[in-house]
Amino acid sequence: MKRLFLLCAALCVSLSAMADEGMWMLPYLQKMNIKKMKERGCKLSAEEIYSINKSSLKDAIVIFGGGCTGEIVSPEGLLFTNHHCGFGSIQALSSVEHDYLKNGFWAMSNEEELPAPGLSVRFIRKIMDVTPEIMGNVPSTAGQEEYKKITSENIDALNKKLGEEYPDMEIQIESFFEGNQFFAFVVEQFRDVRLVGTPPQSIGKFGGDTDNWMWPRHTGDFSIFRVYAGPDNKPADYSPENRPYKADKYLKVSLDGVEENDFAMIMGFPGSTQRYATSYEIDNMLRVSNPQRIFIRGERQAILWDDMLASDKVRIQYASKYAGSSNYWKNSIGMSRGIEKLNVKSRKEEQEASFQAWADANTLPEEGYVGALPKIREAFETMEEPMAGMQYLSEAFLRGIELLAPAMTFSRHTEIKNPEKTKNAMSNWYKDYNAPTDRKVAKRMLQIARENMKTLPSFYEEIVDKDFGGDTDAYVDYLYDNSLFVSEENVLALVDDFSAEKVAADPAVVLGKSVLDLYQVLREARGDASEKYDEGSRKYVDGLMKQYPDKAWASDANFTIRLTYGRVLPYNPADGIRYNHYTTLKGVMEKEDPKNPAEFTVPERLKELYAARDFGRYANKQGELPVGFLADCDITGGNSGSPVLNGRGELIGLAFDGNWEAMSGDVAFEPELQRTIAVDVRYVLFVVDKFAGAGWLLDEMEIVGKKK
């Protein structure tokens with residue numbers, strides 16, 4: 001969610017506020033962060049958080065699935081993450097007969113835990129700064145073409161070398177600061193992960209889209225999985241013979257809770273920020289990319305939602321798809337709102353003016369700093385129109401019309417080499433596909449593309465206009481009535497009797513190829529603007545760090561492990577309004593809305609526990625049951641599921657969201673407004689113990705605190 005430089009105006013912010021900004025690399029905690037962290041209340045040493053040679057806090061944190069964070073909370077590989085992170089696996093395991101989305105699921109023994117096909121977790125076993133190996137022979141005056149050639153060759157050589165040193169591991173070499181620094185990560189992936197417990201959506205997704213990105217929040221956004229390993233405690237494919245992973249490091253779970261101004265830190269895998277974005281990028285975001293995404297996804301989501309409300313089968317099929325689309329849709333709405341309200345573009349322009357004056361006065365043109373911002377501006381002047389078309393093709397067609405996915409997959413085959421594997425993959429895909437819903441979506445997508453795109457795919461003129469008199473609805477009906485990819489049965493038959501000619505002639509393939517052809521034309525229309533932009537960005541960020549050499553700089557998020565720290569704090573969203581730093585179960589009861597059962601239903605068992613005030617050891621000092629809390633830590637997407645830790649490194653909550661008023665945080669950190677929303681771990685334990693009756697899971701955790 002955030003990147004690290006603000007503008008000249010940001011340099012005036014007090015040190016105490018600025019200290020909370022930054023997603024910091026673990027190898028540099030001792031040098032850059034630990035002193036300030038200890039001043040704030042951290043009781044750990046940098047070595048206890050991240051150690052090169054021995055087990056440390058870092059070893060309990062994992063990449064969960066493809067885009068979230070999880071944490072190991074027991075010696076038996078038990079794992080906490082968000083409900084919305086486990087949502088795809090929960091949905092895949094659900095059916096109308098076993099509706100784990102609606103009703104929840106709780107294993108009462110290891111034997112009842114459910115294998116989650118395709119789900120994996122990854123541990124970061126080693127981190128190395130490899131900038132000298134990648135950048136050491138790059139001339140300081142290298143243009144982008146020369147830079148790319150040399151660094152690519154160096155990355156390939158280092159990948160090979162590290163692959164030989166760590167033969168059973170994945171090697172990831174990532175760039176930082178727009179290509180000015182490089183780190184290598186040695187990763188161990190575990191492929192047998194099983195669902196242990198999940199609350200019903202009425203807890204895990206309480207508030208739905210209405211409350212998404214909002215505070216006060218009352219969502220029990222957690223789910224529980226377990227990592228399994230082979231007999232040697234190493235990664236293994238799923239087998240009934242596998243055993244729970246024996247963890248060298250796991251998090252202790254604290255019952256002490258949080259108070260205002262308490263130290264809090266978060267370790268996880270933030271996905272992507274754009275803190276070094278220029279005013280040119282902000283302008284494009286406000287005028288083109290965000291409005292297009294908001295409009296296209298909003299039109300599609302409305303159709304999905306209506307069909308989901310009308311059918312339990314469709315609801316289960318599209319629950320994960322809808323949630324993923326809706327999350328980024330609302331994020332884009334909030335981001336545009338925040339950027340405009342907080343004058344982010346003008347602040348960027350101030351910083352750029354300062355940078356240009358510094359570059360003109362202190363550097364030579366051949367060093368590349370003087371021309372950095374002009375290169376970015378020129379690149380966007382060239383790229384804006386083709387990029388807008390590419391986004392429309394992606395959102396409305398390639399992402400929007402599901403039928404194109406199997407059609408284009410088969411269009412790339414000349415033969416089926418593994419029929420059984422292909423059949424299994426297709427059966428899994430069609431399990432969550434409803435052709436009537438997709439037909440409705442396709443009609444709307446073709447209509448809005450015609451109304452809004454400057455250049456249309458060729459099938460409009462060659463087929464829709466020629467054969468259907470321009471009637472896109474009639475064309476879509478023909479498409480879904482005649483494409484074999486509408487039916488799982490037809491596709492499985494195609495696997496048994498494959499014909500490349502039949503596939504090429506299928507109307508869905510014809511449509512898909514027309515879309516991809518235009519996408520390639522638009523990509524080529526960008527010319528060398530992309531390289532010009534990359535070079536300008538690389539030099540701009542490098543120059544900023546030279547302009548302010550005493551500033552502690554943090555790189556943009558790129559889904560590599562980071563640590564951020566701050567305090568448990570309330571905030572003032574507007575004049576005369578103050579939001580408390582925590583919420584309680586009382587707010588859940590107050591939000592119940594029978595008129596909106598999809599988002600604000602309260603389970604009967606939860607009502608009973610609340611009425612009896614049966615909160616057990618999970619209540620706070622006031623006798624309330626905490627649900628969520630706020631901290632001014634710097635996170636973004638990918639941090640979902642990350643542990644929120646106290647000064648002793650004990651788990652106090654799970655990060656799951658940011659707040660609406662600071663949605664511009666991915667491009668400019670807002671120290672007075674920026675907040676992480678976390679579910680209080682006491683609410684997690686309460687739901688597991690009191691609501692679900694799965695106290696056996698707590699027995700394997702190390703629960704600490706005054707109320708142990």
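Start by selecting Leu 114, which stands opposite Leu 195 of strand β9. Strands here are DSSP E runs of at least two residues and helices are H or I runs of at least four, both numbered from the N terminus. What you have open is a predicted model, where local features need pLDDT of at least 70, side-chain atom pairs count only at pLDDT 80 or more, and totals for chains, interfaces and linings use all residues. Residues are numbered from 1 along each chain as its sequence is written, and side-chain values use heavy atoms, with hydrogens and water left out.

**Stop 1: strand β9 and its partners**

Now show strand β5 (residues 114-115) with β9: the two pair antiparallel over two bridges. Pairing requires DSSP to find at least two bridges between the strands. Click on Arg 194 and you will find its bridge partner in β10, Arg 226.

Is β9 buried or exposed? Seven of the seven residues of β9 (residues 192-198) are buried, so the strand is largely enclosed by the rest of the structure. Buried means under 20% relative accessible area, exposed over 50%, and partly exposed in between, with a 1.4 Å probe and protein chains only.

**Stop 2: His 83**

Select His 83, which lies in helix α5 (residues 83-93). His 83 counts as buried, at 1% relative accessibility. Leaving aside neighbours within four places in sequence, its contacts (heavy atoms within 4.5 Å) include Thr 198, Gly 220, Asp 221 and Ser 223.

**Stop 3: the nonpolar cores**

In soluble globular proteins, nonpolar side chains tend to be buried together. A nonpolar core here is a set of buried Ala, Val, Leu, Ile, Met, Phe, Trp, Tyr and Cys residues joined through side-chain atoms within 4.5 Å. The largest one has 97 residues, and Ile 49, Met 265, Leu 606 and Tyr 683 have the most contacts inside it. Helix α26 (residues 681-691) gives the most to this core, with eight residues. Zoom in on Tyr 683: not counting residues up to four places away in sequence, it touches Ile 203, Gly 220, Leu 585, Leu 606, Leu 625, Pro 626 and Val 627. Apart from this core lies another, of 51 residues, including Tyr 392, Ile 463, Leu 484 and Val 495.

**Stop 4: helices α15 and α16**

In helix α15 (residues 404-411), pick out Leu 404, Pro 406, Ala 407, Met 408 and Phe 410, which are buried. Which helices do the buried residues of α15 pack against? They pack against α14 (372-398), α16 (419-431), α20 (488-496), α21 (500-505) and α22 (507-525).

Move to Tyr 430 in α16. Tyr 430 is buried, at 6% relative accessibility. Beyond its neighbours within four places in sequence, Tyr 430 is in contact with residues including Gln 317, Pro 406, Phe 485 and Val 491.

**Stop 5: α17 against α19**

Finally, show helix α17 (residues 435-452) and helix α19 (residues 472-482), whose axes come within 9 Å and cross at roughly 145°. Axes are lines fitted to C-alpha atoms, for helices over the stretch in contact, with angles from 0 to 180 degrees between N-to-C directions. Among the contact residues are Asp 438, Arg 439 and Leu 446 of α17, and Tyr 475, Val 476 and Asp 477 of α19.
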